[in-house]
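Student: Hi, could you walk me through this structure? I have it open and would like to ask about it piece by piece.

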Amino acid sequence: MTKKQESTAVEGNKIDARIPEGPLAEKWSNYKAHQKLVNPANKRRLDIIVVGTGLAGASAAASLAELGFNVLNFCIQDSPRRAHSIAAQGGINAAKNYQNDGDSVYRLFYDTIKGGDYRAREANVYRLAEVSNNIIDQCVAQGVPFAREYGGLLDNRSFGGAQVSRTFYAKGQTGQQLLLGAYSALSRQIGKGAVKLYSRYEMLDVVVIDGRARGIIARNLVTGKVERFFAHAVVVGSGGYGNTFFLSTNAMASNGSAAIQMYKKGAYFANPAYAQIHPTCIPVHGEFQSKLTLMSESLRNDGRIWVPKKKEDAEAIRAGKKKPTDLKEEERDYYLERRYPAFGNLVPRDVASRAAKERCDAGFGVGNTGLAVYLDFSTAIERLGENTIRARYGNLFQMYDKIVDENPYKTPMMIYPAIHYTMGGIWVDYELQTSVKGLFCIGEANFSDHGANRLGASALMQGLADGYFVLPYTIQNYLADQIQVPRMSTDLPEFIEAEKAVHAKIEKIMKIQGDKSVDSIHRELGLIMWNFVGMGRNKAGLEQALEKIKEVRHEFWTRVYVPGVSGDLNVELEKALRVADFIEIGELMARDALMREESCGGHFREEYQTPDGEALRNDEEFSFASCWKFNGDGEEPTLLKEALDYEFIHRQQRNYKA
Amino acid sequence: MEKNINVTLKIWRQAGPKAKGEFVTYKMDNVSTDSSFLEMLDVLNEKLIKQRKEPIAFDHDCREGICGMCSLYINGHPHGMDGETTTCQLHMRRFKDGETITVEPWRSAAFPVIKDLMVDRGAFDKIIQAGGYVSVNTGGVPDGNAIPISKVVADEAMDAASCIGCGACVAACKNGSAMLFVAAKVSQMALLPQGKVEASHRAKVMVAKMDELGFGNCTNTGACEAECPKAISISHIARLNREFLSAKFKD
């Protein structure tokens with residue numbers, strides 16, 4: 001029996017997630033039955049800013065506009081269809097139980113909580129599992145061409161961390177198809193004039209008036225003009241901060257700046273240390289490399305992961321003297337199947353990533369750097385034939401061939417873990433509202449549903465759950481009290497002050513005129529993060545990281561060089577503003593990782609592991625979400641704790657062995 | 001195997017939408033053949049920044065061939081000469097040592113240049129906004145398995161839906177037509193029962209919007225299909241024409 005953690009009191013108030021009363025399965029229904037709503041005539045008078053057009057942002061903007069709200073939607077790319085949700089490959093989970101294999105809302109909830117290593121909020125995750133089925137129905141109705149069986153019904157595949165087949169997919173392009181579905185719904189509302197779209201705009205601050213979010217400052221990336229926008233509420237769905245590591249599977253423009261802006265205006269940054277390292281990425285191949293490419297986790301359905309059993313073989317392969325196909329079955333170590341007989345190659349991502357690192361660190365890695373393991377399809381090709389494998393993974397194999405110049409039908413793929421997703425993010429309550437009133441945060445940008453590790457095919461589910469089925473309800477509970485608030489002028493002092501501060505920051509960066517490019521400083525930060533705040537963390541390393549990040553910050557603010565002018569299209573300036581914030585996030589991640597003296601999910605502290613190398617949680621002391629409160633530039637943030645009370649699930653050490 | 005090559009780049013530079021553009025020549029030595037085309041441009045930009053010159057502006061984001069943000073007309077081909085490849089997935093191993101590579105923006109009246117190699121493809125969004133959707137609101141929809149859809153139809157719809165909206169089809173077309181882009185969406189929706197209800201109307205309004213935005217007419221040269229990084233078939237244009245004609249007959 002573990003003792004009960006207490007949430008921290010802030011200014012007399014506890015951190016309160018405002019979870020509805022009642023049995024787990026009735027909380028969301030009860031909430032909806034009793035929440036306040038806004039009547040149609042009043043909806044027209046209320047403006048909502050939605051930042052981001054990914055799965056969360058686009059689905060929220062579209063759904064809110066359908067309800068009758070007046071929506072302003074901001075997009076960093078040239079079109080909402082390019083948001084990075086588009087790159088998700090594998091699929092989306094739902095508890096439909098179409099396969100009759102024993103799935104249920106409860107099982108999806110349970111798997112997600114367990115996958116997150118018991119560091120997520122029960123009520124939020126249950127709601128996520130509940131609405132998962134609505135998402136599939138919604139997407140089908142929009143014309144999303146999910147994969148189907150010959151009988152015409154929807155097909156499913158299995159994914160890591162689950163023993164049922166509950167993942168819906170559209171070839172290896174599920175994210176693309178779901179995003180295009182949300183984009184079409186959004187486009188329909190733009191066409192009707194219910195959403196005003198601002199593409200090639202980047203949010204640079206949130207404007208808070210009398211303790212409530214009332215608008216944003218954004219920069220037009222084409223003209224360089226900084227502009228002010230009012231709304232009765234602000235919703236941010238700006239994605240994750242994985243690019244803190246420079247090399248990640250995130251898109252080039254993915255950034256954490258909106259999160260830092262919210263944090264500096266009073267929103268808590270929760271669990272920054274929880275970053276997901278995805279096990280199946282194409283290994284790093286050169287200094288010029290700009291990003292890493294993910295190979296869908298679905299490949300682990302049919303691919304078997306191995307390294308040579310003998311070190312001599314690994315060495316011979318690294319030296320180019322042997323080929324993987326030269327090694328006989330008994331000379332291969334299928335280490336996931338060996339260590340985790342029950343789940344085998346389908347263990348959760350954090351477990352698979354650490355196991356790969358363990359083998360490579362021990363000297364069994366392959367590829368010319370020794371930082372790669374094999375993902376082998378020969379058994380599956382023998383069993384199912386090349387055509388079946390081509391039908392399932394053709395586009396992924398082709399992508400691999402293009403990047404690596406090797407044919408995965410003939411020789412095993414090489415893979416290595418890379419930063420992929422951030423579970424941490426802005427703290428939100430049950431209503432997805434941050435600690436700043438009227439400021440909401442959805443999708444990957446918030447911290448809410450994945451705990452310390454996210455299961456495959458759950459990111460798409462969460463983004464769309466937030467945008468289609470949760471926020472459009474919960475935001476009304478806030479807006480119902482705002483119907484008397486008239487539209488405010490953006491000439492109010494708070495708007496002018498916020499814009500001035502943005503200008504001052506931009507001019508400060510432009511004036512440095514140093515000798516280092518933005519990318520070169522970003523690379524330095526990334527290397528520190530990967531080496532000390534990556535897959536294996538320890539006290540000494542994290543303390544070192546904090547020192548080194550300070551040096552990088554100093555270097556940035558004294559030596560960065562941004563060419564051109566601020567009042568024009570200036571890609572280097574855009575990158576510089578983002579890197580300045582990545583440095584802040586990097587520090588928060590290291591600080592959080594140092595504080596959390598336990599291992600859980602994607603956060604692995606080398607000091608805290610079981611004798612056979614598994615993550616060792618400490619529920620007694622760390623069963624809380626860490627919420628960091630900003631105290632001013634150069635000041636240490638305050639740690640606040642939201643206690644995670646497990647009322648409905650009995651926590652245990654995660655076991656994927658038996 | 002990785003090796004290094006030297007290439008000469010002739011790159012279109014244009015300060016702004018109304019500025020006069022010109023080709024500027026850059027020598028790139030020791031380019032790793034394992035690097036992607038965009039990574040090669042990153043290295044060039046780093047060099048320019050070191051020389052205190054303005055880097056070259058170009059669009060890119062996911063660098064995995066799916067977001068459709070990258071463009072570039074390379075040696076006379078949108079996304080370069082490799083089949084079924086976006087510029088971000090084009091690798092330097094496809095070029096010869098000593099080769100001269102010409103890099104231009106998409107050239108089309110409907111895609112004005114913003115700066116250097118960056119163009120405005122907002123017209124594509126406007127076409128979708130005109131009717132590239134099924135008119136359903138969030139909520140109140142039937143169960144996902146309520147309407148069985150044959151695998152063959154679903155797969156064909158998926159092939160059409162693979163379009164990444166990059167605009168290569170327009171750039172490749174001598175008429176600057178957006179027919180393949182429009183056809184891919186019309187066809188995806190017309191194939192599926194969910195989209196069939198509005199199929200003719202959709203074809204009509206999307207084609208009207210396309211014409212209004214300054215895209216050219218289709219003369220069936222097939223250049224769009226040949227250059228499409230996702231190999232979208234021009235058979236979808238035939239389906240669009242059928243839908244369009246049936247809409248006109250109904251009028």
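What follows is a conversation about some helices, sheets and contacts of this model.

Tutor: Gladly, and please keep in mind from the start that this is a predicted model.

Student: OK, sheets first. In what order do the strands of the open five-stranded sheet in chain A come?

Tutor: The order in chain A is β7-β4-β3-β11-β19, and the strands of this open sheet pair in the parallel sense. At the edges stand β7 (195–199) and β19 of chain A, and because each of them has a single partner strand, one side of each has no neighbour in the sheet. On average, neighbouring strands of this sheet are turned by 20° against each other, if direction is ignored.

Student: And which strands pair with β11(A)?

Tutor: On one hand there is β3 (residues 47–51) of chain A, which pairs with β11(A) in the parallel sense over four bridges, with Ile48(A) standing opposite Ala233(A). On the other hand there is β19 (residues 439–441) of chain A, which is joined to β11(A) by three bridges, again in the parallel sense. In that pairing Val235(A) stands opposite Phe440(A), while Val236(A) has Cys441(A) as its bridge partner.

Student: Are the faces of β11(A) covered or open?

Tutor: Both faces of β11(A) (residues 233–236) are covered, since Ala233(A) and Val235(A) on one side are buried, and so are Val234(A) and Val236(A) on the other. In a regular strand, side chains alternate between the two faces of the sheet.

Student: Which helix lies across β3, β4, β7 and β11 of chain A?

Tutor: That is helix α3 (residues 55–67) of chain A, which runs at about 165° to β3(A).

Student: Switching to helices, where does α12(A) bend?

Tutor: The bend in α12(A) is at Tyr393(A), and it amounts to about 85°.

Student: Now chain B. How is its sheet of five strands arranged?

Tutor: This open sheet in chain B has the order β2-β1-β5-β3-β4, with mixed pairing. Its edges are β2 (22–32) and β4 (77–78) of chain B, and since each has a single partner strand, one side of each is left without a neighbour in the sheet. Further in, β1 (residues 4–13) and β5 (residues 100–104) of chain B pair in the parallel sense over four bridges, and Lys10(B) stands opposite Thr102(B).

Student: Last one: how many residues of chain B are in contact with chain A?

Tutor: There are 64 residues of chain B in contact with 63 residues of chain A. Among the elements giving two or more residues to this side of chain B are α1 (37–50), α2 (122–131) and α5 (179–191) of chain B. By type, the residues on the chain B side divide into 26 nonpolar, 22 polar and 16 charged.

Methods: Residues numbered from 1 in each chain as written. Chains lettered and ligands numbered in written order. Predicted model: local features only at pLDDT ≥ 70, side-chain atom pairs only at ≥ 80, totals over all residues. Bend = angle between axes of the 7 residues up to and from the residue. Contact = placed C-beta atoms within 7 Å. Nonpolar A, V, L, I, M, F, W, Y, C, P; charged D, E, K, R; others polar. Buried ≥ 20, exposed ≤ 12 C-beta atoms within 10 Å, placed from the backbone. Pairing = 2+ DSSP bridges. Axes fitted to C-alpha atoms, helices over the stretch in contact; angles between N-to-C directions.
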